[in-house]
Amino acid sequence: MNDAPLLDIRALSITARSASGPIRLIDDVSLTLARGQVLGLIGESGAGKSTIGFAALGYLRPGLQVTGGEVRIDGRDILALSAQDRSRLRGARLAYVAQSATAAFNPAHRLGDQVVEAALAFNRLDRSKAKKRARDLFAMLELPSPNTFGERFPHQVSGGQLQRAMIAMAMCTDPELIVFDEPTTALDVTTQDEVLKAIRNVIAASGAGALYISHDLAVVARVADEILVLRHGRAVEHGATRAVIDTPREAYTKALLDVARRGGSRSPEAGSTPSLLSIEGITAAYRHGGTILHDVSLSLPEARTLAVVGESGSGKSTLGRVVNGLLPPQAGTVSFQGRTLAASLDKRSRNDRREIQTIHQSPDAALNPRQTVGSILVRPLGFYFGMTGKRKQARINELLTQVELDPALAKRYPAELSGGQKQRVCIARALAAEPRLIICDEPTSALDPLVADGILRLLRELQESRGLSYLFITHDIATVRAFAHEVAVMHLGRVVRQGTVAKALSPPFDDYTGRLLAAVPTLDNVS
Amino acid sequence: MRRLRSPATVLAYIFLGLVFIASVGAPWIAPHGVSEIVGRGWEPPSANALFGTDTVGRDLFSRLIWGAPVTMAIALSATLLAFLLGGATGMLAGLSRGRFGMLLDRMNDVLISLPTLISALVLLSVLPRNTFILVAVIGLLESTRVFRVSRALAAELGAMEFVEVARLRGENLFWIIRAEVLPNALTPLLAEFGLRFTLAVIFLSTLSFLGLGIQPPAVDWGSLVRENKDGIVFSVGAALIPGAAIALLAISVNLVVDRLLERSAATRSGR
């Protein structure tokens, strides 16, 4: 055996061809990875994390080009190999785990057959041995009834189980290098916790080296031995996990850490203002499904933020839809400013609709791609206030300035804006209606941490300057602590705990809240 | 990234251009009148009759040109009708949940389950023979297909959050269709329009071939095939020329539609 490190990337530069000349995606990045080690690659979207992850597997997305440096696996330059050798190397010794497991599995085939496919093709294992190995992996990954798990189809297992099945698929060839590309980003916290544990266990058991790509520092800190911070394709900081977290050298790393730490809760004053929104005994169901909400009661004081927190499927978004009228409940009432609101949207007055606005999770889907920012904002002004001409134009400028955007952006289409800018346009659209209450349905979970932080700051300033109330739906406890005054924890359609943030999120806990809080990765519970 | 058009697509554009010129300028371009006898029956091609003569000695080339505006106009108005009817009801069905949408769906299911050609034959043999009835029948039968496409598009876009925002604001269905849904559905609908147009041309030609479409002395490409079909027995290829024209038109429109789809796919992924 030679002593070359498992993966050795030297001075790698990658550029993308574009209409306006080549763009440098990766600029002079070097890293090494030994067997049994996990290196975390961290950075915001566009930092080049995935590009490096793919390069480690000898793959470049179409349109990309290596302009310098090399990628060595056991001392062999993988970029210089013939396509055939490279594919053999990849199949037998390298593996990749992607963000979305649903996209990685063919819905028409059983999980077991898909998990062993690569092992049959590249390791020349016979089918029964490969199946045995898959069963062992299922057991190691703590999947339910590992002996029969492979018989199921992808739609018959949960998201977290499917993610673990994808890890099993990657591990089945017994690879020496595994690239994890945001494998838990699409999962909620409790599921993420299980998957992270599983990842750590299998890496430790197999002795493989791994690159772990994520934008979430707290997640990376839980699995990685070393961390490499990337920004705009350059390495910003590299060091042992503990060292990077405790004594960061670079300002950018510090900023990322601050966002991840954001602990201190808001002023605990509450109950002093009258209730703006109160929800009494709501029970709701969709037409073709079971009951989603069971007897939910909540109240939100004026100019305050009530966070509704829970994992996916807990009914928190459904609650938002009951409040804004999209889903008339089967029982219970929603009162707003002391009046009972009509259950269904059609029966609510224009004024009621105006005063309750909604901001969605994905600004991409919430903005019509064929309308300019200006025409998106103009409609509520004309619709609710009958504004015309110059006054409308002045108001649009004012709104864009309020959300800290350049008024010149009014002429742009959503596709020409960044994720954070788009979400600000959504906020401006809500503000255009001059609401009292804004329902925020996970408004920051599709954004990078620093951008998300900016959006939360903006929402807080708007609350202070205009006395807005927020019903803030989220699965992120750190956001709740930093942003909300009151919190309601939901589990399986019931409110299991509520109160001020300070009280509700400190011990003693009920079972579920305790579990939810323990599952949240923080920089303090790094092992 | 701009891709070069393939030679086939360029030829398709040229052929469609020629058909368009023939449709607009038939009276000036056609060397002979539509019913003018220029020789004996089924003469081979010559300087006088470029594609030869038909069963009674009329110039096939001229008749092909005279038939172009008829074929194009009827196919175009039938397709337009199909889109107005099927497009509008499809959008309504896709966006309105509940009984009304369900009713439209079931009505369309009933219509779509009838074989098109047989329904057309029944309707046309009962109803008076004129161009309006012909357009109406083709348009109605094609509209069931447009309904499905338009309904699927509306249902997909209706689930987008920007439509939800409009609903929450209190916009009516008409405004939602016009301002939020239609602009986003336009490219796929245009592509579908090209496809439907091709099928309308073929449908009209089929009906004319069967004698239920265009009635003499008016002429379209389908009726030209019918008039000359007996020549095949005597190895006279006169029927093949209008047949080839129909095929070329269908292929050309398809190629141009593919090109449009490719472009819309490119702009979509660029989002």
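This is a predicted model: local features need pLDDT of at least 70, side-chain atom pairs count only at pLDDT 80 or more; totals for chains, interfaces and linings use all residues.
1. Chain A overall. Chain A has 527 residues, and buried residues make up 46% of them. It holds 21 helices and 20 strands. Take the contacts in chain A between residues at least 6 apart in sequence: 69% of these join residues at least 24 apart.

2. A sheet in chain A. Four strands of chain A form an open sheet in the order 2-1-4-5, with antiparallel pairing. Strand 2 (23-33) and strand 5 (76-77) of chain A are at the edges. Each has a single partner strand, so one side of each lacks a neighbour in the sheet. Strand 1 (residues 7-16) and strand 4 (residues 64-73) of chain A run antiparallel and are joined by eight bridges. Within this pairing, Leu7(A) stands opposite Ile73(A) of strand 4. Helix 1 (residues 49-56) of chain A packs on the sheet. This helix touches strand 1, strand 2 and strand 4 of chain A, and its direction makes about 125° with that of strand 1.

3. Backbone points to check in chain A. Most residues other than glycine have a negative phi. Asp28(A) has a positive value, with phi near 55°. Asp28(A) sits in strand 2 of chain A, the edge strand covering 23-33. How many C-beta neighbours does Asp28(A) have inside 10 Å? There are 14, so Asp28(A) counts as partly exposed. Leu492(A) also has a positive phi, near 50°. Leu492(A) lies in the loop between strand 19 (486-491) and strand 20 (494-500) of chain A. Leu492(A) is partly exposed, with 14 other C-beta atoms within 10 Å.

4. The UniProt annotation "transmembrane region", from an unreviewed entry, covers residues 12-30, 70-95, 193-212 and 232-257 of chain B. In the model, residues 12-30 of chain B are 95% helix and 0% strand, with end C-alpha atoms 22 Å apart. Residues 193-212 of chain B are 85% helix and 0% strand, and their end C-alpha atoms lie 25 Å apart.

5. Helix packing in chain B. Helix 2 (residues 60-95) and helix 7 of chain B pack at about 145°, with their axes 8 Å apart. The crossing is right-handed. Helix 2 of chain B contributes residues including Ala75(B), Ala78(B), Ala82(B), Phe83(B) and Gly87(B). Helix 7 of chain B contributes, among them, Val181(B), Leu189(B), Phe193(B), Arg196(B) and Phe197(B). By class, this contact has 18 nonpolar, three polar and one charged residues.

6. Where the chains meet. Twelve residues of chain B are in contact with 16 residues of chain A. On the chain B side, helix 6 (161-169) and helix 7 (173-209) are the elements that give two or more residues. Which helix gives the largest share of that side? Helix 6 of chain B does, with six residues. By class, the side of chain B that touches chain A has five nonpolar, two polar and five charged residues.

7. From helix 7 to helix 8 in chain B. Most peptide bonds are trans. The bond from Pro216(B) to Pro217(B) is cis, with omega near 10°. Pro217(B) lies in the loop between helix 7 and helix 8 of chain B. Why is helix 8 (residues 221-228) of chain B described as largely enclosed by the rest of the structure? Seven of its eight residues are buried. The buried residues include Trp221(B), Leu224(B), Val225(B), Glu227(B) and Asn228(B).

Note on methods:
Residues are numbered from 1 along each chain as its sequence is written. Chains are lettered from A and ligands numbered from 1 in the order in which they are written. A residue is buried if 20 or more other C-beta atoms lie within 10 Å of its own, exposed if 12 or fewer, and partly exposed in between; C-beta atoms are placed from the backbone. UniProt positions are given in the numbering used here, feature names are shortened, and annotations may be inferred rather than shown by experiment. Two residues are in contact if their C-beta atoms, placed from the backbone, lie within 7 Å. Ala, Val, Leu, Ile, Met, Phe, Trp, Tyr, Cys and Pro count as nonpolar, Asp, Glu, Lys and Arg as charged, and the others, Gly among them, as polar. Axes are lines fitted to C-alpha atoms, for helices over the stretch in contact, and angles run from 0 to 180 degrees between N-to-C directions. A crossing is left-handed if the near helix is turned anticlockwise from the far one by less than a right angle, and right-handed if clockwise. Two strands pair if DSSP finds at least two bridges between them.
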